[in-house]
Amino acid sequence: MGRHFLEVYGGLDYYNYSNFSRLNLTDWKVGGDGRYDASRAAVFSANAYYGEFHESLSSQNTVGFQASPNRYFQTHADVAGSYQPNRLGVGIGASYDRFDFTNTPRIGGGLLFNTDRDETQYQGYAKVFYNFSPGYSAFVKGLYESRQFDQFFDRTGRHRSSTGYRVDAGVDLEITHLVTGQIFVGYLEQHFSQSVPLPLKNISGIDYGVNLDWFALPVLTVHLNGARTISDTTLAGVSASEDSAIKLSADYEFRYNILVQGFFSYTHSDLIGSTRTDDYPSAGIGVKYLLNRYLSADINYVYGDRSSNFAGVNYTDNTISIGLTAHL
């Protein structure tokens, strides 16, 4: 008991390029979240935010004549609850996401119209878990989702609304306070309408996820994250991008006010409905300096790459950035 909280948050990221000033932009987000402990066994939480964001230029949805990245507004809300009177517990949750894309300027003038990408996503899940040993909890989780686009047909004449589900089994673990996280594996399906001309191919297969934190030293934390996701796309004849991703990262406290961070990630994307596959290796290193309790400065280098079996879509990016962050 006594762990209730309610907070509001907000932030912005301003990107200013020394070259290619047409790529300058600002992302921002405002929101709030909270938790209510109704009893020792029953816990409820909620989160909501609204903001403006952008897609990376390495996105498969970027076309060659764009003058800037694709941008969109997102409204998000989620609620969750769990009840665990003993070793056995249950949890339920739901989420809502609304995406509204803006039109993208073209090189040489004009606009790339993105209204066919406006969509609403709904998710709901139920979970049963059992603490079978100190630090270990096994669970089974079922999730249903719906992706509904505003326009019945997109720019390629396809109907992209879909429904899907995932059934997973896994373990939440805490090994002597040194390793914590979650591992799961299961099965997923995503179904597209087959009652329209030119139907898109359904997706099915193995689902998986891993999120582990290893507190290797008092000053060193190592993170391992991986997942299989399905991402919407605008490519003609392609149902979605089926992405398998893995990321290894580390945080090293060089001094009490200096943090060194590095990562390596790799994503393999299958464009379902075509023979195209893309690979995205990425790596980066950065240093964060805590000026005081309210301000921090950082410098980062990130390498990104897209290698495809389709000609003309490969992409390489080397970015050095300097930033200043305010904490309120």
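I start at Arg147, which is buried, with a relative accessible area of 6%. Buried here means under 20% relative accessible area, exposed means over 50%, and partly exposed lies in between, with a 1.4 Å probe and protein chains only. Before going on, a word on where this comes from: it is a predicted model, in which local features need pLDDT of at least 70, side-chain atom pairs count only at pLDDT 80 or more, and totals for chains, interfaces and linings use all residues. Residues are numbered from 1 along each chain as its sequence is written, and side-chain values use heavy atoms, with hydrogens and water left out.

Back to Arg147. Which side chains meet Arg147 in a salt bridge? One is Glu145, at 3.3 Å from N to O, and another is Asp232, at 3.1 Å from N to O. A salt bridge is a side-chain nitrogen of Lys or Arg within 4 Å of a carboxyl oxygen of Asp or Glu. In general, side chains of opposite charge can pair when their charged atoms come close.

Strands are DSSP runs of E, at least two residues long, and helices are runs of H or I, at least four, numbered from the N terminus. Arg147 and Glu145 are both buried. Asp232 counts as partly exposed because its relative accessibility is 23%.

Salt bridges that share partners also join Asp27, Glu52 and Arg71 into one network. By the rule I gave, the count comes to 14 salt bridges.

Now the nonpolar side chains. A nonpolar core is a set of buried Ala, Val, Leu, Ile, Met, Phe, Trp, Tyr and Cys residues joined through side-chain atoms within 4.5 Å. The largest such core has 7 residues: Leu188, Phe192, Leu200, Ile203, Ile230, Ala240 and Ile272. There is a second, separate core of 5 residues, which includes Phe53, Tyr72, Phe99 and Phe101. Contact means heavy atoms within 4.5 Å. Leaving out residues up to four places away in sequence, Leu188 touches, among others, Tyr165, Arg166, Ile203, Arg228 and Ile230.

On the surface, Tyr83, Leu88, Val90, Val128, Tyr130 and Phe132 form a nonpolar patch, with about 550 Å² of accessible area together. Patches are made of residues with over 30% relative accessible area and no salt bridge; like charges are joined within 9 Å, and nonpolar side chains (Val, Leu, Ile, Met, Phe, Trp, Tyr) within 5 Å. Accessible areas come from the Shrake-Rupley method with a 1.4 Å probe, and for residues only the protein chains shown count as cover.

Which strand gives the most to the nonpolar patch? That is S8, with 3 residues, although strand S5 (88-101) and S8 each supply at least two. Val128 is found in strand S8 and is partly exposed, with a relative accessible area of 44%. Lys127 also has its place in S8, residues 119-133, but counts as buried because its relative accessibility is 18%. Beyond its neighbours within four places in sequence, Lys127 is in contact with residues including Gly89, Val90, Phe139, Asp172 and Gln182.

Last, the chain as a whole. The protein chain has 0 helices and 18 strands. Of its 328 residues, 36% count as buried. Among contacts between residues at least 6 apart in sequence, 51% join residues at least 24 apart. The C-alpha atoms fill a box of roughly 60 × 55 × 35 Å along the principal axes. The accessible surface comes to about 18300 Å², of which 62% belongs to carbon and sulfur atoms.
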